[in-house]
Amino acid sequence: MNRPLEITFTSKQPKKPTLEWCIPLFHVGTSKSIEELKKGIFDSSISNNSGNKNWLGKGIYFWDNKGNARYWYNQKNSKPVKIARVPLRLNDSVNYGDFTDCNQLIFFDKIWDSYKRHSNNKKKGKKEDFVDYLSEKFDISVIRCTAVYPKIHVFEFIAERMKEQSMPHICGNVKVVYCIKKNFRNALDVSNLSIVDAE
């Protein structure tokens with residue numbers, strides 16, 4: 001079982017790790033970018049999403065399971081791509097951004113309000129740059145979020161439960177996405193990278 005992601009924005013000073021764990025992640029990329037990733041060369045795997053307000057800024061994006069990676073693989077079938085499985089090795093000395101954590105979202109909202117009011121640089125006041133700003137300011141290395149995919153197929157068992165919108169319910173079109181920022185790429189255990197069958 002994966003350890004729940006937590007974050008405390010108190011200090012950039014490193015602390016001695018007391019716990020380590022591993023999360024298997026899945027990345028979709030071209031043959032060239034995956035071969036370079038395996039060699040520890042990250043440039044061609046980075047998505048520059050700083051101008052895209054729907055995502056988590058600049059970084060390397062991963063899915064948390066093969067099925068969701070396969071969905072993205074099928075979306076990219078206009079050019080040859082592969083699915084790579086890469087272990088992410090973490091410890092509790094690392095700062096995490098978890099956009100599924102209500103407490104963190106309350107904190108981020110307060111920072112967003114200040115960010116808008118006090119930024120002298122108009123570019124820094126844009127939502128699409130805010131996550132990169134958070135990452136730099138609080139030394140956030142890994143960010144996790146959920147993303148809604150409205151067009152994805154939802155199985156009947158789940159679809160029946162999604163009809164009751166006024167109450168909490170399970171749903172099948174929300175996926176977990178990780179963004180690995182530049183200051184934590186050494187946590188990707190590329191020596192154990194493997195290619196996954198997309199079928």
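Which residue forms a salt bridge with Arg 89? In this predicted model, the partner is Asp 189, and the closest N and O atoms are 2.7 Å apart. Arg 89 belongs to strand E4 (residues 82-91), while Asp 189 sits in the loop between E7 and strand E8 (194-196), so the contact ties together parts that are 100 residues apart in sequence. Arg 89 is partly exposed, at 43% relative accessibility. Asp 189 has a relative accessible area of 13% and is buried, because the cut-off for that class is under 20%.

The whole structure contains 3 salt bridges. One of them joins Asp 98 to Arg 144, again with 2.7 Å between the closest N and O atoms. Asp 98 lies in strand E5 and Arg 144 in strand E6, 46 residues apart. Both Asp 98 and Arg 144 are buried.

Strand E6 (residues 142-148) also pairs with its neighbours through bridges. Strand E5 (residues 96-98) runs parallel to E6 and is joined to it by 3 bridges. Tyr 96 has Val 142 of E6 as its bridge partner. Strand E7 (residues 174-180) pairs with E6 in the antiparallel sense, over 7 bridges. Of the 7 residues of E6, 5 are buried, so the strand is largely enclosed by the rest of the structure.

A further salt bridge is formed by the side chains of Asp 132 and Lys 181, at 2.9 Å from N to O. Asp 132 is part of helix H4 (residues 127-137) and Lys 181 of the loop between E7 and E8, so this pair ties together parts 49 residues apart in sequence. Asp 132 is buried at 18% relative accessibility. Lys 181 is buried too, with a relative accessible area of 3%.

Conventions
Residues are numbered from 1 along each chain as its sequence is written. This is a predicted model: local features need pLDDT of at least 70, side-chain atom pairs count only at pLDDT 80 or more; totals for chains, interfaces and linings use all residues. Side-chain values use heavy atoms; hydrogens and water are left out. Buried means under 20% relative accessible area, exposed over 50%, partly exposed in between (1.4 Å probe, protein chains only). Helices (H or I, at least four residues) and strands (E, at least two) are DSSP runs, numbered from the N terminus. Two strands pair if DSSP finds at least two bridges between them. A salt bridge is a side-chain nitrogen of Lys or Arg within 4 Å of a carboxyl oxygen of Asp or Glu.
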